[in-house]
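Welcome, and thank you for taking a look at this structure.

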Amino acid sequence: MMDDLPDALLSEIIKRLTRTSDLNSLSLVSKRLYNIEGELRDAVHLGCDLFPVTLAVTSLCSRFPNLSKVEFNYSGWKPEHGIQLDNQGLRVLSSCCHSLSDLTLSFCSFIDDSGLSLLACFKKLMSLRFNTLPKITSCGLLSVAVGCKSLSSLYLIHCNKVSNVEWLEYLGRTRSLEELVVFNCERIRQFDLQRLGAGWTKLRKFELQIRGLPDILFDPDDPSYVSHNQYRYDFCCETLKDLTLVRLTTVPEIGLHCLLSKCVALEKLCLSCITGIKDNDMVTLAHNCSNLRSISLLLRPEYCEGYAYRTALTDDTLKALALRCPMLQSVELAFFGCLPEWPEIGFTQDGLITLIQSCPIHELVLRRANIFDDEGMKALSCAQFLESLKLVQIIAITNAGMRHLACSPSLMNLTLELCDGITDDGVGEVVRRRKLDSLTTEKCAKVSQGAVNGAAKSVQYTDDCPSFKRWVDCCLYGNKYCDHLA
Amino acid sequence: MAAPESGDGNNGAARMVTLISSDNTRFEVEAAAASLSQTLQLTILDGGGGGGDGIPLPNVDSATLSKVLEYCIKHAPAAANGGAPNATAVDRAELERFDNEFVNIDQSVLYSLIMAAHNLEIEGLQSLVAKKVADMIKGKSPMEIRRTLGFPDPTPEEQAEMNAHMLEYGWAYE
């Protein structure tokens, strides 16, 4: 029956299959589907089992002539898996994969600068992701910058031999880059990123994570810094929509601190373990970026004025966001190393409530916010857009707070981790009143499996706390991207 | 006097058009609903289909056309609003419920609908039926897909060729 459909209509159906296993099954149904599916397949993810690699690449490219996205990931590779993709393998790929636009190389320990110089052969290349390529250096990246004329997205993750940033200056001059992610590259410092210069003008997404913990005895020796002269910092970033900064120590007037006052179009902001950011920076940012839709802050205590040791941002930040960002939908506030007595969190519950009452919040995550209790839950019950709520180690919340939450008009997804003040009764209140799509509980001491079973369309329950452990790892070692790309 | 329906609908009554199926059944339907079809829209904008003329659709039989029009009538108001912007969550949920029910049909009907949606270029319906077939494929083995969708078994030679490829390069499919 369906065999009578013309190829174009079968293609429309196949395009709606996203799981590779479904595509594989479909391609074995008949020779005709095998051929159509082969023409349509635009992405493959390859790894350790690929042997011998050059033969396999040739065969794949003839089976899938329209491949545009290719990923090689050798995470967990051992010598007995056989030879990895090397420069020769890239040469073969360049001779047979003519539509390639996105290339990801992860844990490829044999690719070096002469491999990178081959990338200029891919005329349509727009996006490159290099994750843990131990041999590549700045020279290789310069050949990429010069050779790949259409490059608009570059991810550099754990590439520890990359030091000087001539390549970045080159990319800045061509102004083609729209996405730049530099993550845990040992020898790239925040001051180096300024050398993108005019290239900032077109950038839409920028992420920088510095390796290791922020340096408490930070030495602000920006080589281009001249006191009271910000000539190095006169770039524009008016199109930047998505900004993530992780583990930086900032000082006013130098380094990437200036981004906070320059951005005007931000929609998504993530600041994680940044020292040196003050309320006035955030007030300026909120004032300039009225389109802000998502904010994520991970705050640690630091020495503030008057020798106070607490998280630096206060309710002034929350008030500015509440007043100036009417589209703010997604909020995550996380605190690391704070205790109810000392060191304190700079925000108060009243400040949080103001934010909840002012912005159309759809998604809220609170981690270890020890300022938040049942009073805050009462405010949440009136947040008419709130669909997803995640509470992690908020021990002050009791069943009374859950009773408030049960009245929340839009709540669909609820996650509770390490919330020991809540019992089965509290969870029961919410699931009886709200038809939840998903309910996740991890290690809430007084919540039993029986209370969550069948309570939502999708339920997860564990006595362990795997998500929390991952988060702590992320705070301590910053390995988010490795997980993300693996 | 001139037929009132030849106006552009601002005199109260909505403008109606007549569609004629391959087996010569006539369907009278609001122009707004029929215009979900890109193919019909041009004819209708030219003033066709009104009065006694009717637009012949030689590729669509009456059973299929009545099903297609059921879809168009339900979706016409939302399409007139330019889709989602001011639709409420309730409206959207109702359309979604309708769509799910709508494609819960015999496979031969589904096949005719795919062809009709294609011939008439009704975008929403095209993606609805394609998604339905895709859902019927998800999670099934090659043999189950053949049975479900009525594909003939491959010849032994074809089977051998496909198997050889999967065996040799199965990893590429992770």
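**Helix 12 of chain A**

- Helix 12 of chain A covers residues 315-324, and its buried residues are T317(A), L318(A), L321(A) and A322(A).
- Looking down the axis of helix 12 of chain A, you will find these buried residues within an arc of 135°, so they line one face of the helix.

**A buried leucine in chain A**

- L439(A) sits in strand 17 of chain A, which spans residues 438-442.
- Is L439(A) buried or exposed? L439(A) counts as buried because it has 24 C-beta neighbours inside 10 Å.
- Setting aside neighbours within four places in sequence, the contacts of L439(A) are L414(A), V431(A), V452(A), A455(A), A456(A) and V459(A).
- K390(A) lies 49 residues from L439(A) in sequence, while their C-alpha atoms are 9.9 Å apart in space.

**What UniProt records**

- In chain A, an unreviewed UniProt entry lists "domain: F-box" at residues 1-36.
- Those residues 1-36 of chain A are 61% helix and 0% strand, with 17 Å between the end C-alpha atoms.
- In chain B, an unreviewed UniProt entry places "domain: SKP1 component dimerisation" at residues 124-163.
- Residues 124-163 of chain B are 75% helix and 0% strand, and their end C-alpha atoms stand 37 Å apart.

**Where the chains meet**

- How many residues of chain B are in contact with chain A? There are 31 of them, in contact with 29 residues of chain A.
- Four helices of chain B each supply at least two residues to the side that touches chain A: helix 5 (107-120), helix 6 (123-137), helix 7 (142-149) and helix 8 (156-169).
- Helix 6 of chain B gives the most to that side, with 6 residues.
- By residue type, the side of chain B that touches chain A divides into 18 nonpolar, 7 polar and 6 charged residues.

**Chain B as a whole**

- Chain B contains 8 helices and 3 strands.
- Along the sequence, the elements of chain B follow the pattern β-β-α-α-β-α-α-α-α-α-α.
- Chain B has 174 residues, of which 24% count as buried.
- Taking contacts in chain B between residues at least 6 apart in sequence, 59% join residues at least 24 apart.

**The sheet of chain B**

- The 3 strands of chain B form an open sheet in the order 2-1-3, with mixed pairing.
- Strand 2 (26-30) and strand 3 (55-56) of chain B stand at the edges with a single partner strand each, so one side of each is left without a neighbour in the sheet.
- Strand 1 and strand 2 of chain B pair in the antiparallel sense over 5 bridges, and T18(B) has E28(B) in strand 2 as its bridge partner.
- These two strands of chain B, strand 1 and strand 2, form a hairpin with 5 residues between them. In the turn, N24(B) has a positive phi of about 65°.
- Strand 1 (residues 16-20) of chain B pairs with strand 3 of chain B in the parallel sense over 2 bridges.
- On strand 3 of chain B, I55(B) is the bridge partner of L19(B), and P56(B) stands opposite I20(B).
- Which residues make up the covered face of strand 1 of chain B? They are V17(B) and L19(B), while M16(B), T18(B) and I20(B) form the uncovered face.

- The model scores ipTM 0.85 and pTM 0.85.
- Chain B averages a pLDDT of 83, and 81% of its residues score at least 70.
- Residues 1-11 of chain B stay under 50 in pLDDT, and the model has 14 contacts for them beyond four places in sequence.
- Where pLDDT is low, the predicted coordinates should not be read in detail.

Definitions and conventions:
Residues are numbered from 1 along each chain as its sequence is written. Chains are lettered from A and ligands numbered from 1 in the order in which they are written. This is a predicted model: local features need pLDDT of at least 70, side-chain atom pairs count only at pLDDT 80 or more; totals for chains, interfaces and linings use all residues. UniProt positions are given in the numbering used here, feature names are shortened, and annotations may be inferred rather than shown by experiment. pLDDT is the predictor's confidence in each residue, from 0 to 100. Two residues are in contact if their C-beta atoms, placed from the backbone, lie within 7 Å. A residue is buried if 20 or more other C-beta atoms lie within 10 Å of its own, exposed if 12 or fewer, and partly exposed in between; C-beta atoms are placed from the backbone. The arc is that of the directions from the helix axis to the C-beta atoms. Ala, Val, Leu, Ile, Met, Phe, Trp, Tyr, Cys and Pro count as nonpolar, Asp, Glu, Lys and Arg as charged, and the others, Gly among them, as polar. Two strands pair if DSSP finds at least two bridges between them.
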